[in-house]
Amino acid sequence: MSLKPNAPAAGSRLAGFYALGRDERLAALRARVDLTDEDLEALRTGGLEWGRADKMVENCVGVFGLPVGVGLNFLINGRDYLIPMVVEEPSVVAAVSHVARLARPHGGFRAEADEGLMIAQVQVVGAPDPAAAAAALRAAEPELLALADAVHPNLVARGGGARGVEVRVFEEPFPMLALHLLVDCVDAMGANAVNAMAEGVAGRVEGLTGGRVYLRILSNLADRRLARASLRVPEEALAAPRAGMGGAEVAEGVVQAYRFAEVDPYRAATHNKGIMNGVDAVAIATGNDWRGVEAGAHAYAARGGRYRSLTRFWRAPDEAGAPCLWGEIELPLAVATVGGSTGVHPTIRALRKLLGVESARELAGVMAAVGLSQNLAALKALATEGIQRGHMSLHARSVALAAGAREEEVAAVAAALVSAGSVKHDAAAAALARLRAGEAP
Ligand code: MEV
């Protein structure tokens, strides 16, 4: 976050933010970040005009709105971040803010990410002697790297470029070779550069192997571009009085929940989905390719031959001997701070300014911290009172809206649904009718 020189010290801790009106929330953000009138206008209107949208995809007929929330309380590597999140699911923004608040007094998150290495794949079929073909490709590494760099001098000028080759040899049932070009994409996601490089070396690869090149495309399993984050929370801070559970019991529940995802892919899919609730929301807000991020995360989760958790939780004392819950996450995050839709979409421009990261690696670290927070929030809820109760009041607001409640009616209708314990469309319509008739909803 690019804090203003006169900004309040506690950059991401905006107590009572949820209770403010929209203009007050925007004013609170503006007090901390150099948002222009145009940025605020983009947030108010959704930003993307028809004319621009029509240039982005084919057969365009409209623009699709989604809520933008701000994840609060994040302290990552000693720095405050306001986290823009685009997500339609209730509870996600509140959940990450809750865990960030728990972690904050204990140093917040540590996060880091590898350099921006992407893999370009070149598929070779029909090489008469696969072992000799693989050796020839390896021996030609300097030539292939130079050829690839020549395709994208701009990337080289920005400090990136082709860094190495690897060859994978596949046998039965479909014998083939895959050449991997490892390309440092720096702050770009790199799809265009990497694909162009793969296409650029293809002719020479055929010459070296005697085979035929078919596919030339990046791999979304960006396992040379991993991001990691970790946190610790004293167990006493995890107590859940509403569920009648002490901190140690909750910490044990979280660890057991993580272990469930380690042993069972059916659980791991849901566990990792929760992580991606947070990660995707930031990916979308910052104009990144969240389908690529999703593909990479799930492929990485299955890397050992069984689909598992992307996070790990354990209990151990801290250096002062206080019992703590520790958590960490590792996943591929091929994300960018340059290129893509940044220049085209005014809301993304404003949200990137709000987040204020300076490099793709910094962004990846932040996203890892958000994914870890979302996961811990879900496991904590699941290990205590269950997910439904927390979801209910936010879900009730969506149901009230769907039943036709106007903005000023939503809170009363939602409260009526929650207290009746029935968050259903018919109940919302009935509560709305009572409210409009001047009765208690
Ligand atoms: C819902 O979107 C996400 C959760 O199912 C994640 C989980 O079960 O860990 C609550």
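**View 1. The buried area between domain 1 and domain 3**. In this predicted model, domain 1 and domain 3 bury about 450 Å² between them, where buried area is the accessible area (1.4 Å probe) that two parts lose on being put together, summed over both. Of that area, 58% is on carbon and sulfur atoms. Look for Pro90, Ser91 and Glu385, which supply 73% of the area that domain 1 buries against domain 3, more than any other three residues. Local features need pLDDT of at least 70 and side-chain atom pairs count only at pLDDT 80 or more, while totals for chains, interfaces and linings use all residues. Residues are numbered from 1 along each chain as its sequence is written, and side-chain values use heavy atoms, with hydrogens and water left out.

**View 2. Contacts across the interface of domain 1 and domain 3**. Five residues of domain 1 are in contact with six of domain 3 (heavy atoms within 4.5 Å).

**View 3. The residues around the ligand**. Residues with a heavy atom within 4 Å of the ligand include Arg267, Thr270, His271, Gly274, Ala378, Leu382 and Ile387. Glu89, Lys273 and Asn277 also belong to this group, and the next view turns to them.

**View 4. Polar atoms facing the ligand oxygens**. A side-chain N or O atom of Glu89 sits 2.6 Å from an oxygen atom of the ligand. For Lys273, the distance from a side-chain N or O atom to a ligand oxygen is 2.7 Å. Asn277 places a polar side-chain atom 2.9 Å from an oxygen atom of the ligand. On its own the ligand has 300 Å² of accessible area, and the protein covers 86% of it (Shrake-Rupley method with a 1.4 Å probe).

How values were computed. A polar contact is a pair of N or O atoms within 3.5 Å; within protein, one must be able to donate a hydrogen and the other to accept it, and residues adjacent in sequence count only if both atoms are side-chain atoms.
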